[in-house]
There are 2 protein chains.
Amino acid sequence: MATKYSRQREMILNNLCSRTDHPTADELYIDLKEELPNLSLGTLYRNLAMLSENGTILKFHCGTADRFDGNNNLHYHLICEKCNRLYDLEHAPLTELDNMFASGYKGKINSHLLVFYGLCEYCNCSV
Amino acid sequence: MATKYSRQREMILNNLCSRTDHPTADELYIDLKEELPNLSLGTLYRNLAMLSENGTILKFHCGTADRFDGNNNLHYHLICEKCNRLYDLEHAPLTELDNMFASGYKGKINSHLLVFYGLCEYCNCSV
DNA sequence: ATCAATAACGATAATCGTTACTGTTATTAT
DNA sequence: ATAATAACAGTAACGATTATCGTTATTGAT
């Protein structure tokens, strides 16, 4: 069960953390193929699952595919309803939301996901 | 392009609106088969897409499948990290969120999705 | 009421993102 | 070095959803 180091996992994480475009697995794969020509798509998915499960990265479902974010600090996103891309929003985290909703609730609240829908600045200008 | 009435669509909507368990397409299908033995899964998906696109119902992606909600009034949900079910939370809608995030943003914000993660009241008690 | 136009249907095949399997390779502790 | 096994590459399988296609049902006009 002990996790072993792998060069592939390190390079996947490095690549994801060096970009801010929240790529899909496939978009990451195309880019990583240049540095790791033998990389298998299964390896990529396996590592993205591992990294998001242990909280190192974030995973979002947009449109048909999942998108990944190497920045796991609490922040919010906008999904553009036109181009389906995922963008960061500049806003302080609303840490109080979890407590607000937890009061009076019999279950347990660990975290929240806040996603806005609309048009990104590029699509908004080209309507 | 004009929408025509269909008995199937009416019964799909009635069934969904009469329950509060946010079923997947497949769960709806199993139930609807009793009243509409000839219902095709394609018809169900086609109508769920039409109804969610025109805002009559809501669609959420949880786990591997989409879940649907016949109550389209703004309200929030909890996804249980143990049983993967989707529950309604009792809390007034935060209509101010869209405006809060829209100020200073160059794109356009139409709506938001706020989902909490944690344990539902049943799983929380049986830990 | 009949008829033409076409939205919607049922049945089924195809799509595609993701996961599982299998034999091989690389990491790690002894 | 060596043994144990996590992780790999390659590929097959899976499953939710979508597309296709010939047929049926709704609708508006005659």
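**View 1. The hairpin of strand 1 and strand 2 of chain A, with G63(A) at its turn.** This hairpin has two residues between its strands, and G63(A) takes a positive phi near 60°. Strands here are DSSP runs (E, at least two residues), numbered from the N terminus. Keep in mind that this is a predicted model, where local features need pLDDT of at least 70, side-chain atom pairs count only at pLDDT 80 or more, and totals for chains, interfaces and linings use all residues. Residues are numbered from 1 along each chain as written, chains are lettered from A, and side-chain values use heavy atoms, leaving out hydrogens and water.

**View 2. How strand 1 and strand 2 of chain A pair up.** The two run antiparallel over five bridges; pairing takes at least two DSSP bridges. One spot to look for: C62(A) has A65(A) in strand 2 as its bridge partner.

View 3. Eleven residues from domain 1 and eleven from domain 2 make the contact (heavy atoms within 4.5 Å).

**View 4. The domain 1 side that touches domain 2 in chain A.** Strand 1 (58–62) and strand 2 (65–69) each supply at least two residues here, and strand 1 gives the largest share, four residues. What about salt bridges between the two domains? The count is zero (a side-chain nitrogen of Lys or Arg within 4 Å of a carboxyl oxygen of Asp or Glu).
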